[in-house]
Every structure is written in C-alpha cells, then in structure tokens.
Amino acid sequence: MRVPILKQGEYLIASIQSALTDEDLMQLRDDLADQAGRFRSRGIIVDVTALDVMDSFACRTLRSLASILRLRGAQMAIVGIQPEVAFSMVQLGLAFGEVRTALDLEEGLVLLRQEAAERQR
Amino acid sequence: MVLKRSPHAEKAAQANGEVSKRDSTTALLRELVAHLRENRTQLREEWVRRITESKLLTAMTRDEIFAEATSVYDKYVAVLESGSVESLQAYARDLSERIIPRGVETNEVVGIVLLLRDVLARSLFKKYQSDFGLLNRVLDAYEPAANRIANTVAVSFVQERERIIRQQQEAIRELSTPVLQVRERLLILPIIGVIDPQRARQVTEQLLRGIRANRAKVVVIDITGVPSVDSTVANHLVQTVDASRLMGATVIVTGLSSEIAQTLVTIGVDLSKMKTVGDLQGGIEEAERLLGYKVMMEQGPDESR
C-alpha cells in the first residue's frame, strides 16, 4: 500500500496507516525524497502511530531517508512510536541515530519549528 | 475332557473377589467411623493434649486450638466415611487463610494432622488388640484414607501459602513503580529498592505508557532509593532512556550515589547519552528549565533572601 503524503505549508506529512512491506518502504523513501525537493519543504514528518512492529530494515530505511532529506535541505522527524515498539526496538538494539523523534504529529511540528528557529539564529 | 474355566468366567470371579474386598473395606470403614464418633470427646481431648505437649500451634490460644480441632476432627471422620476429600480441601484452605497471617508454619500443620492420625491409630490398636487379623484389615482400610487426608491438608496449606505469596508479590510490584506527573508534561519516577531484570522491564513499560498517557516531554528518574546497581540494571537504565527518547521524551537521571557512580564508571557502562543531575531537586529544576518554566520565590517575610 502506498503511503499518503500530505503537504501542509512547508511541511510534508507521511502517515503510515498499516504494516508496510520492504517495497512500500522504499517507495515511501523515493516519494518523500522527490516531493521534498519539488515542494521545497523544510520539514518532513513520518507518522508511525499505526505500526506495531519496527524491524531493522524499516529502521535503516528511515535513517537513510533522514540523511537524504538533510542533504536536500529538510529536517525529518519520526512521530508516534508506540511504547511496545520503543521497548522492543531498544531491546533489539535498533536505533534511529540522529533522527529526531516526538510523541505525536503535534509535537513533531513543534520540534521541527524549534529546530528551524534555532538554525536561523 | 478336562473342564477349563473360560477366561471370561475367571475374570468375573476375580471381579467378584474385588467387589467383596471393597465391600469389606467399606464395612470396616463404617465400623471405624462409628468407633471414632463414639469416642469423639475423649479422642479429641487426647489430640489437643498431644498438640499442646508437642508445642505446636503456639500462636493460637488453647480455646482456639480446641475449636479448630473439633471441626478438623469432624471433617476427618466425615472424609473417612464418604471418601471424598473435597469438603476437607475447602475447609483446609479456609483454615490456612485464617492461620497463615498469624505465623503458623507448614511443619505445624503437617505435625497436627500426623498427630491426629497417630491418636486415632492408637485408639484402633487398643480396640482391636485382641484380634490381630481384624486389626490388620482395619488398618488396611484406615491407612490409605488417613494418608490421603494428611496429604490433602498439607497440600492445601502450601497452596494457600503460595497463593498469598503470589498475591503479595503482585501488590509489591504494583506499589513499587509509581509514575507521577508533577507539572504539565513533566513526570517523575522514583525507584526504591532492588531492581531485578523483571522489575526493570516493568518500570520501563509503565514509564513508556505514562509518557504516552500524560504526553510527557521530560521524565526525571530518581534512583536515590536504589541500594546498588550492576551492569544489567545499568543497561536497563540506558535502554529506558533510549526508549523514552524514541517517544520524544528527555530523561534525566538523578540521585546516583557516589558508590553507584563509581561502580558504573568501573564496569564501563556507556552513560554518555544519559543526562544526570545530582539530586531530585536539581533534576526537577533542570526539567523545568527544559520545559521553559521559571519558578520564582515570592518576596517573603525573609527580606534578606
């Protein structure tokens, strides 16, 4: 299933609605990388609230997506990681590295705005 | 031609024998029960005397022992009569529930049941001592039933005890990890007592759920009350911090004693990613700063401050 990507001002919001296959994830990566440039987005939010599993491939793909977006001048935040997912991720030693995380969409937007303000200073 | 009994007939004869044997056992048990009922007062008193003599059930008064002994005696006889231990089981569980909080030990409970068994067996010896064969058969009937009763009571007692222990463990676990909100979006998690891996896991789960429920941005984990930390617990702490960060919350750990700090440095746990502050007060102040609160003291009576 293709992940819907919504444009909201200078932000892009990708809201994952169901479990994704590896192909879906790579499609999401390509779509976001493409649209971030096209819409001149400043921030990208990937909402994973609906996911109850996060495997190493998903982690790696999201991490590389964040690096790609940074190269294209945008910041990415992952929001909505569930407690169970967070716990199993640290147990499996999976991490998002430098990627910022926030509780939910609202928090994610606040986070990206703060970061942008700090960079301008 | 030799007449041979067919296997079928043989089986029937055998079954017949068994039936008659069972009949005689039942009859003997009936006789036994009648005897025990007849001498109820005397045997019961003998039993209570023996209990006191052996210094069992010291936590209970004499009257209480007598009252319990009476009902146990009656149940005992009832089980011998009916052969069903169910009512005794329920009673034993109920009794255990009453006496466990008073500090009655397993050996005491097993001891008194064995004493009763002994008292009753002695009275049987006395009654049937003239006829050795009959005594033998009476004991054949009595022993298995008595053993089953002793077994039932002991097992019920231990089961009840284990149930209580489980219940208390559960209660302690529930109590031991409160996740408290002190300000909007600020949680504190005071940990008191030894952390084992199971508890560490539970603490983490509760904290993560608390973060979601309270939409927390900062969490202060205070470990002043933790006596010691080993590498397993330290790694759990690091995992908790990482997991909280994944949910968008910053964790501040406070209250590391000098011993714990030294241990952590010595065993070489990577704590570089962890924010630590000396005490809980400092931790809360740091958290307030992160959240943008400014707490100021109102000019009080002490003007010099």
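**Strands, helices and the contact between chains**

Modeller: Let me begin with strand 3 of chain B: six of its eight residues are buried, so this strand is largely enclosed by the rest of the structure. Please keep in mind that this is a predicted model.

Colleague: Which sense does the pairing of strand 2 and strand 3 of chain B have, and over how many bridges?

Modeller: Strand 2 and strand 3 of chain B are parallel, with six bridges between them. One of the residues involved is B:Leu187, whose bridge partner in strand 3 of chain B is B:Val219.

Colleague: And what about strand 1 and strand 2 of chain B, parallel or antiparallel?

Modeller: Those two pair in the antiparallel sense, over three bridges. In strand 2 of chain B, B:Ile188 stands opposite B:Leu180.

Colleague: What is the strand order in the sheet of chain B?

Modeller: The order is 1-2-3-4-5, in an open sheet of five strands with mixed pairing. Strand 1 (180-183) and strand 5 (275-277) of chain B each have a single partner strand and stand at the edges, so one side of each is left without a neighbour in the sheet. On average, neighbouring strands of this sheet are turned by 30° against each other, direction ignored.

Colleague: Which strands does helix 7 of chain B lie across?

Modeller: Helix 7 (residues 197-214) of chain B lies across strand 1, strand 2 and strand 3 (218-225) of that chain, and runs at about 165° to strand 2 of chain B.

Colleague: How many helices and strands does chain B have overall?

Modeller: Chain B has 10 helices and five strands. Of its 305 residues, 29% are buried. Among the contacts in chain B with a separation of 6 or more, 79% are between residues 24 or more positions apart.

Colleague: Let us turn to chain A. How many helices and strands there?

Modeller: Chain A has four helices and five strands, which follow one another from the N terminus as β-β-α-β-α-β-α-β-α. Buried residues account for 38% of its 121 residues. For contacts with a separation of 6 or more in chain A, the share from residues 24 or more positions apart is 77%.

Colleague: What is the strand order in the sheet of chain A?

Modeller: The five strands form an open sheet in the order 1-2-3-4-5, with mixed pairing. Strand 1 (5-8) and strand 5 of chain A are the edge strands, each pairing on one side only.

Colleague: How do strand 4 and strand 5 of chain A pair, parallel or antiparallel?

Modeller: They pair in the parallel sense, over three bridges. A:Ile78 has A:Thr101 as its bridge partner in strand 5 of chain A.

Colleague: Where does helix 1 of chain A lie?

Modeller: Helix 1 of chain A lies across strand 1, strand 2 and strand 3 of chain A, at about 165° to strand 2 of chain A. A:Asp22 belongs to this helix, which spans residues 22-38.

Colleague: Is A:Asp22 buried or exposed?

Modeller: A:Asp22 counts as exposed, because it has 11 C-beta neighbours inside 10 Å, and the limit for an exposed residue is 12 or fewer. The C-alpha atoms of A:Asp22 and A:Phe57 are 7.5 Å apart in space, although the two residues are 35 residues apart in sequence.

Colleague: Next, helix 4 of chain A. What is its reach?

Modeller: Helix 4 (residues 105-120) of chain A has 16 residues and reaches 23 Å from its first C-alpha to its last, close to the expected 22 Å.

Colleague: Which residues of helix 4 of chain A are buried?

Modeller: They are A:Glu107, A:Gly108, A:Leu111 and A:Leu112. Seen down the helix axis, these buried residues fall within an arc of 135°, so they line one face of helix 4 of chain A. In general, an α-helix has 3.6 residues a turn, so residues three or four places apart point the same way.

Colleague: What covers those buried residues of helix 4 of chain A, and which exposed residues are on the face turned away?

Modeller: The cover includes strand 2 (11-15), strand 3 (43-47), strand 4 (75-79) and strand 5 (100-102) of chain A. The face turned away carries the exposed residues A:Glu106, A:Gln114, A:Ala117 and A:Gln120.

Colleague: Finally, how many residues does each chain bring to the contact?

Modeller: Chain A and chain B bring 13 residues each. On the side of chain A, helix 3 (83-92) and strand 5 are the elements that give two or more residues, and helix 3 of chain A gives the most, with six residues. By class, that side of chain A has 10 nonpolar, two polar and one charged residues.

Notes
Residues are numbered from 1 along each chain as its sequence is written. Chains are lettered from A and ligands numbered from 1 in the order in which they are written. This is a predicted model: local features need pLDDT of at least 70, side-chain atom pairs count only at pLDDT 80 or more; totals for chains, interfaces and linings use all residues. The expected span of a helix is 1.5 Å times one less than its number of residues. A residue is buried if 20 or more other C-beta atoms lie within 10 Å of its own, exposed if 12 or fewer, and partly exposed in between; C-beta atoms are placed from the backbone. The arc is that of the directions from the helix axis to the C-beta atoms. Two residues are in contact if their C-beta atoms, placed from the backbone, lie within 7 Å. Ala, Val, Leu, Ile, Met, Phe, Trp, Tyr, Cys and Pro count as nonpolar, Asp, Glu, Lys and Arg as charged, and the others, Gly among them, as polar. Two strands pair if DSSP finds at least two bridges between them. Axes are lines fitted to C-alpha atoms, for helices over the stretch in contact, and angles run from 0 to 180 degrees between N-to-C directions.
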